[in-house]
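The sequence and coordinates come first, and the description follows.

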Protein chains: 2
Amino acid sequence: MSEKRTEIGDLGEFGLIDHLSEKIEIKNNSSLTGIGDDAAVIEGGDHVKVVTTDLLLEGVHFDLSYAPLPHVGFKAVAVNVSDVAAMNAIPKQITVSIALSNRFSVEAVDALYSGIRAACEHYGVDLIGGDTTASRSGLVISVTAIGEAKKEEISYRNGAKVNDILCATGDLGAALVGLQILEREKQVFLANPDMRPDLEKYTIVTGRQLRPDARMDIIHELKEAGVVPTSMMDISDGLASEIFHICKASNVGATIYEDKLPIDKQTFDTAVELNLDPITCVLNGGEDYELLFTIDQKDFSKLEKHPDIHFIGHMTKPEEGKFLVTKSGTAVPLKAQGWKHF
Amino acid sequence: MSEKRTEIGDLGEFGLIDHLSEKIEIKNNSSLTGIGDDAAVIEGGDHVKVVTTDLLLEGVHFDLSYAPLPHVGFKAVAVNVSDVAAMNAIPKQITVSIALSNRFSVEAVDALYSGIRAACEHYGVDLIGGDTTASRSGLVISVTAIGEAKKEEISYRNGAKVNDILCATGDLGAALVGLQILEREKQVFLANPDMRPDLEKYTIVTGRQLRPDARMDIIHELKEAGVVPTSMMDISDGLASEIFHICKASNVGATIYEDKLPIDKQTFDTAVELNLDPITCVLNGGEDYELLFTIDQKDFSKLEKHPDIHFIGHMTKPEEGKFLVTKSGTAVPLKAQGWKHF
């Protein structure tokens, strides 16, 4: 090994992915697109297949001191389904690999799988394979999801055009605020194990953190409305970060409006209680698993009455940059703070 | 969680897989087969796709004190390609997810990926996606491989018929013997760090452990010879264990002959040096990644001159059981000891 040592933290997750991707070549005809989107696309007959995978580690992606095993199982599937949704595709199959230390009993594995099966049922996907192995430390879960779409219906990150309308589904920031509440209550419990955390007034935000739902409902509704987004991503790293990805891939700029950003009342109130700026939670909170997409202006009328699609801004020329227009009318540069694991 | 606690070790890896598979249903038309073979099979147009996945953990599946990172990367791909080969399919795409602690530098990740890329080149597969994340402990690698085959050319585990000839490729037991040597030298080194391990006379066996090669060459040669195995598996858990799997799935028995079992001279000599029975190494050694398959007798003449395919026995009626005929002519019951992670 070379004497030089570069820390991974110096590159960051996206920097590391870019660095590793540089040397990767695609050679097989059946590989339509590779690294760089929510999922890869391969030939699959009259439909194409999309393939995506996520690796989840105890202590990094979930904390079993507050995350029930069925929720962990459900979430592991949902985050992959969300990546399939982000390609405008329908998930069909998943594989699930798990590594377990001897701290886990068969009953614990059953609890995990009850959540995995519930997600399979909910999203209509088949669990077709996997691997089970021992772990020296915590629980590791690796899920790969395969979905289908017509080739012309796939939404990549790089299709956004100037003047397209930028849309976000549901509401944002809840999962981050929920995580802060769960972490706070964990610290209270660790300090005094007799204290029972009172989480009842936080069920929306904690639920969004513990058991997010991939927005397959939106994908089906877009199909019914006859709308193919010009670009799409799921919001896993934070709204601002995802907007940066679309702008970079599509070579466009973006302007979004603070008063259009969707936030749930409980998210807002809890953020204030935690001394967090609600808009910062919306812009930089991760793990909401909502969809961010752009549509051609001609499609606006097909979606304008949808109760859960919010038109938060529009795409601009790349040299116009990326801006948030505040409620007071000031345009401030967007920052992609994102969600850092490293 | 229920009060009952059943240890995973009580079920074992295969018992756990059976237990978890019981409740799994396949519902989508495009899911042709699910859990229970080397890979799952899904619809993919005029060809079907096979999908397989493996999860590899530092300290369980590889030991970085003697496994060079490029070899670890190569092996992580090769073991998945081997599962694709075991379906008589051609690998086309892989996804690779890695979790890393801050012990790993960018240069270390580059070394790992140099092996992954070398394997992609060697097997003609495209790296199309993955996930990178932080780990609290060691290195975790999850690979999913996707291959293609004509539907009628897929070899499942359940197609072996009475009187089919049982074939094994290459030679067996080397990876287990290599592991014993590497572990022995590691202990010597730990006891006295000034000792430099002398591994030169063990390069075949250690090479088989550290950088196994999936037998795609055999898959291509079977195609050229016009032979579709009636059943096939790769030998990852040990010959005897794999024979049990084929017998169970195909509802047949098997008789194999000690004097037909393939073993390399270095494997034999090193086993003797280690006070291991060479035939036990052949029968129960894991990780050889050779192929075990059955052919119809009519196909024997097409393969009989192949230098690397060994005709080790034949399939019998299920009530005849599973036997090894020793060099002295005694039939002893086969035992599936296998390769245990739990």
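A salt bridge here is a side-chain nitrogen of Lys or Arg within 4 Å of a carboxyl oxygen of Asp or Glu. The model is predicted, so local features need pLDDT of at least 70 and side-chain atom pairs count only at pLDDT 80 or more, while totals for chains, interfaces and linings use all residues. Residues are numbered from 1 along each chain as its sequence is written, chains are lettered from A and ligands numbered from 1 in the order in which they are written, and side-chain values use heavy atoms, leaving out hydrogens and water.

**Salt bridges**

Over all chains, the structure holds 46 salt bridges.

Helices (H or I, at least four residues) and strands (E, at least two) are DSSP runs, numbered from the N terminus.

**Interface of chain A and chain B**

With contact meaning heavy atoms within 4.5 Å, 79 residues of chain A are in contact with 79 residues of chain B. The two chains bury about 6,500 Å² between them, 58% of it on carbon and sulfur atoms; buried area is the accessible area (1.4 Å probe) that two parts lose on being put together, summed over both. Four salt bridges are found across this interface. The elements of chain A that each supply at least two residues to the side touching chain B include helix H1 (8-21), helix H3 (106-123) and strand E5 (126-134). E5(A) gives the most to that side, with nine residues.

**A sheet in chain B**

Seven strands of chain B form an open sheet of mixed pairing, in the order E8-E10-E7-E11-E9-E12-E13. Two strands pair if DSSP finds at least two bridges between them. Strand E8 (231-235) and strand E13 (331-333) of chain B stand at the edges with a single partner strand each, so one side of each has no neighbour in the sheet. Within the sheet, strand E9 (residues 253-257) and strand E11 (residues 309-316) of chain B pair in the antiparallel sense over four bridges. Ile256(B) stands opposite Gly313(B) in E11(B).
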